[in-house]
Each structure stands twice: as C-alpha cells, then as structure tokens.
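Here is a short briefing for a first look at this protein.

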Amino acid sequence: MKLSVVIISGPCGVGKSTITKALVNNIEKTMLVEGDLLFHMISDQTMNWEQKLAITWQNILSVTNNALQSNLNVVIDYVVEDELDWFISQLTNENVEVYYIVLIANDEAIRDRIEKRGDIELLHRSSQLLQELSTKQANIPFYMILRINPSPKSSKIWRKK
C-alpha cells in the first residue's frame, strides 16, 4: 500500500493549519509536520532568513523521510515557494504519492483572519505570499480556492502531483 505525503501551502492566515489538522484527524497512521515550528526552533541570530529557511526544509525532509520509513503518512503545513521539486526528488521512499495543495483566498478574507488572531505583523508577508503564490503558473493546477472560512470538508479535494 502506498503512503501519502500531503503538502498544504498558501499565504499566512489562509487556513493551512485548519486544513492540515483536519486531514491528520481523518487519515490513519499520519504524522503532522508543522514547518513554522521547525523554523522557530532555530535561535541563531547570526543566520539570515534564507539560511534558516534552508535548514527548515532540510528538517522537514528528514522528518518526512523518517515518518515514511516508519510506515506513516505525512501531512506538511508550510509555505512552499520554490522548494517543491527539490523536496519530491529527495524523498527516499519510492512507494509514496505526493499531493500538493495551494490554498488561496482573497486578500480581505486573509487580512480578517490574521487580525482576529492578533498576528498583525504577518499582514505584509501574507499579502506578498498571496500575490506570489496566486500568480505562479506552476501552482495553478494545485489551487484550492477558499471562498469562506476553510472547513474540514474542503480537505477532501486533493490534486495529485
């Protein structure tokens, strides 16, 4: 039986955590990998953002490969900018299907969610990511457009990579 790696990407505040937690609760033998947690584990103030991002992706890959080796499915909650092809090429388990989903919502809906959470410092980055992810041609086949608050029901729509 094939294992699954589900990668949920999208701008800050779009609902990645809501969707990934719903998926983990509905897929047997699954590990949730939260990229933000791995990123914030790095406390070296001498590193720049790009260096921390590279280490974070290496850690996401290591945790994913370890989970697959333990016969666990993996759900990843993190923003994917240019790392997808590299990540897939580095998976050590050949008996795996990778699903990539880019969550997109309008800027106003995302802004409202961020403000309700009190994460005002993320507004600029979220708007920047929304623009970047929604205009990237390679992402178009993987869009899941959220018109209202994301719900676990919408997590049943997967587009296979």
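Is Ser-4 buried or exposed? Ser-4 is buried, because its relative accessible area is 15% (buried means under 20%, exposed over 50%, partly exposed in between, with a 1.4 Å probe and protein chains only). This is a predicted model: local features need pLDDT of at least 70, side-chain atom pairs count only at pLDDT 80 or more, and totals for chains, interfaces and linings use all residues. Residues are numbered from 1 along each chain as its sequence is written, and side-chain values use heavy atoms, with hydrogens and water left out.

**Overall layout**
- The protein chain holds 6 helices and 5 strands (DSSP runs numbered from the N terminus: helices are H or I with at least four residues, strands are E with at least two).
- Starting at the N terminus, the order of elements is β-α-β-α-α-β-α-β-α-α-β.
- The chain has 161 residues, and 44% of them count as buried.
- Among contacts between residues at least 6 apart in sequence, 75% join residues at least 24 apart (contact means heavy atoms within 4.5 Å).

**Nonpolar core**
- The largest nonpolar core has 42 residues (a core is a set of buried Ala, Val, Leu, Ile, Met, Phe, Trp, Tyr and Cys residues joined through side-chain atoms within 4.5 Å).
- Val-5, Ile-7, Ile-60, Ile-76 and Phe-87 touch the most other members.
- Strand β4 (residues 96-104) gives the most to this core, with 8 residues.
- Beyond residues up to four places away in sequence, the partners of Ile-7 include Ile-76, Val-80, Leu-84 and Phe-87. Val-98, Tyr-99, Tyr-100 and Ile-101 are also among the residues that Ile-7 touches.

- Ser-4 sits in strand β1 (residues 3-9). Neighbours within four places aside, Ser-4 is in contact with Asn-73, Val-74, Val-96, Glu-97 and Tyr-99.
- Thr-20 belongs to helix α1. Thr-20 counts as buried because its relative accessibility is 0%. Neighbours within four places aside, Thr-20 contacts Ile-8, Leu-32, Val-75, Ile-76 and Asp-77.
- Val-102 lies in strand β4. Its relative accessibility is 0%, so Val-102 counts as buried. Between the C-alpha atoms of Val-102 and Ser-134 there are 8.6 Å, and these residues are 32 apart along the chain.

**Aromatic pairs**
- The count comes to 2 aromatic pairs (rings of Phe, Tyr and Trp, with its six-membered ring, pair if their centres lie within 6.5 Å; planes under 30 degrees apart count as stacked, over 60 as edge-to-face and the rest as tilted).
- Trp-57 and Phe-87 form an edge-to-face pair, with 5.7 Å centre to centre and 70 degrees between the planes.
- This pair links distant parts of the chain: Trp-57 is in helix α3 and Phe-87 in helix α4 (residues 84-90), 30 residues apart.
- Trp-57 and Phe-87 are both buried.
- Together with Tyr-78, Trp-57 and Phe-87 form one aromatic cluster.

**Largest pocket**
- The largest pocket holds about 560 Å³ of space (on a 1 Å grid over the protein atoms alone, a pocket is an open set of points where a 1.4 Å probe fits, with protein on both sides within 12 Å along at least five of seven lines; lining residues have an atom within 4 Å of a point).
- Of its 24 lining residues, Cys-12, Asp-36, Tyr-78, Val-79 and Leu-122 are the closest to the centre.
- Helix α2 gives the most to the lining, with 4 residues.

Technical notes. Grid points are joined across faces, edges and corners, and a volume is the space filled by probe spheres set on the points.
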